Amino acid sequence: MRPLLFAVTTDLNYDQRMQRICGSLATHGYPVLLIGREWPHSQPLSSQPYQQHRLRCVFKKGKLFYLEYNLKLFLYLLRQRASVWCAIDLDTALPMWLRATLGGQPFVYDAHELFTEVPEIVGRPTIKRIWQQVEKFIVPRATLAYTVGPALAQWFVQQYGQPFAVVRNVSRLEVAELPPTPPTVPADGYILYQGVLNEGRGLEALIDAMPQVTVRLIICGEGDLSASLRERAQQLGLLASGQVEFRGFVLPDELRLITRQASLGIMLLENRGLSYYYSLANKFFDYLHAGVPQLIVDFPEYCRLNDQYDVAEVVELTPDTIAAAINRLLRDEPARYHQLAQNCRRARLELNWQREEQTLLALYATLLQPAPVPA
C-alpha cells in the first residue's frame, strides 16, 4: 500500500496532534509519511512509528516563506507516491490538492484552526481576502474534511454545506501517570503556560498579573511575542526575581513531566477572531490529563466541557481578575482546588485519545483499508 501523506508547516518534534494522528494510523496498519518544516534550531527528528521528512526554508515567516515552502513542498510531492494526500490547514493545501489531483487520489483537509480568522490575518484585510479565496477553492474539493472541535465543524458546514467531521486534539491516557487521589495544592508548585507565544493568547495580562501573586510562572514555547514578553517581564522585575521563567521550546515528553508537576494551567485567549473564539486547544486536555486545574476564558468549547466536567475556573482577561483567581485557588480555597483536581482525574477517563482515535480510524477507513497488523 502506498502511504498516507500529511504536510504541515510546523517542526514535527513539537506537533503533538500530528504525532497522535500519524502514530495511530501507523499503529493500525497504514503506512504514513509526515512532512514538516526544519528550523535553524531544530533538533534531530524523534523516533516515530511512521516516516518523517522536513523541508528547510531560507525565509522564516511572511509571504516569502509561504511561497518558498509551498514551492518546495510541491516539488518534493512530485517525487512521492501516496494513496491519500492530507493538507493540515490552508498553508499546505494548494500543493497537496494539486498533487492529489495529478495522481487521481483522495485529497483530505484537516483544519487545526480557522486559518482565515487567526489574529495574524484578521487585522490584514488584503492578506485575509487572499486566504479566503484559497479556502473557498480548497474546502469544497476535499474528499474528506475534519477539524478539532464541534463549533469549528459547524462553521465550515454553514459556509460550505458539506460534512465536516470532528477529531478533537485530546491527550493519550497514561494509566500510571497520576497518583490515585489528587494532592492538596503543591507547596513548591508553579503556574504553567504551554504553547505558542503569539498574539491573542492573554500572555500580556498574565505577566502583568504576576506581581500580585507569590507563585512562579513557567512559560514553555516561543513565538512572535517572545522578545516583547521577556522585556515586559524584565521591566516588572519578574525575571530577576525568578518569578517568571521562559523555558523556550520543550519536547513533548519533557513537557508532560513539567505539566504533571504544575499547580495550575493557563488556557487564556483573547477574542481576536473566530479561530480563537471557536478553538479547542490541546493544552486544555494536557492540563486535564495531568490532573492540573486551569484558568479558562468564556469561549464556547471550553465552557461546554467545563460545564460538563468542572475542571477549570472561568476568568475575565484582566491582570486583577487573573491574579485573584490564582490566589483564590492556590491559597484561599484548597477544597475547591482539590475538587477541580479530582474532576480532572475523572474526566480524563472519558476525554482521551484512545477513544478519540476511533473516530479518526473510521474516517480513513472510508477511503481505504489498512494492511493487517502483525500479531
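Which residues does Ser-279 touch, not counting residues up to four places away in sequence? Point 1 takes this up after the conventions.

The model is predicted, and local features need pLDDT of at least 70, side-chain atom pairs count only at pLDDT 80 or more, while totals for chains, interfaces and linings use all residues. Residues are numbered from 1 along each chain as its sequence is written, and side-chain values use heavy atoms, with hydrogens and water left out.

1. Ser-279 touches Leu-269, Glu-301 and Tyr-302, leaving aside residues up to four places away in sequence; contact means heavy atoms within 4.5 Å. Its place is the loop between α10 (274–277) and α11 (282–289). Helices (H or I, at least four residues) and strands (E, at least two) are DSSP runs, numbered from the N terminus. With a relative accessible area of 10%, Ser-279 is buried; buried means under 20% relative accessible area, exposed over 50%, partly exposed in between (1.4 Å probe, protein chains only). From Ser-279 to Ala-324 there are 45 residues in sequence and 25 Å in space, C-alpha to C-alpha.

2. The protein is divided into domain 1 (4–171 + 353–368) and domain 2 (190–348); the bounds come from an automatic or database domain assignment. Their centres, taken over C-alpha atoms, are separated by 27 Å. At the interface, 24 residues of domain 1 are in contact with 23 residues of domain 2.

3. Two strands pair if DSSP finds at least two bridges between them; β1 and β2 are joined in the parallel sense over four. Along this pair, Leu-4 stands opposite Val-32 in β2, and Ala-7 has Ile-35 of β2 as its bridge partner.

4. Both faces of β1 are covered, with Leu-4 and Phe-6 buried on one side and Leu-5 and Ala-7 buried on the other. In a regular strand, side chains alternate between the two faces of the sheet.

5. Helix α2 (residues 62–78) has 17 residues and should span 24 Å at 1.5 Å a residue; its end C-alpha atoms are 25 Å apart, which agrees. The expected span is 1.5 Å times one less than the number of residues. Its buried residues are Phe-65, Glu-68, Tyr-69, Asn-70, Leu-73, Phe-74, Tyr-76 and Leu-77. Their cover includes β1 (4–7), β2 (32–38), β3 (51–56), β4 (84–88) and α3 (93–103).

6. In helix α6 (residues 150–160), the residues Ala-151, Leu-152, Ala-153, Trp-155, Phe-156 and Tyr-160 are buried. The buried residues of α6 pack against β5, α5 (125–138), β6, β7, α10 and α12 (300–309).

7. Five bridges join β8 (residues 190–194) to β9 (residues 216–220), and Leu-192 has Ile-218 as its bridge partner in β9.

8. The largest nonpolar core has 89 residues, of which Phe-6, Leu-25, Tyr-146, Leu-295 and Tyr-364 touch the most other members. Such a core is a set of buried Ala, Val, Leu, Ile, Met, Phe, Trp, Tyr and Cys residues joined through side-chain atoms within 4.5 Å. Helix α13 (residues 319–332) gives the most to this core, six residues. At least three residues are drawn from each of domain 1 and domain 2. Apart from this core lies another, of 39 residues, including Ala-7, Leu-73, Ala-87 and Val-139.

9. Ser-263 sits in the loop between α9 (252–260) and β11 (264–267). Ser-263 counts as buried because its relative accessibility is 1%.
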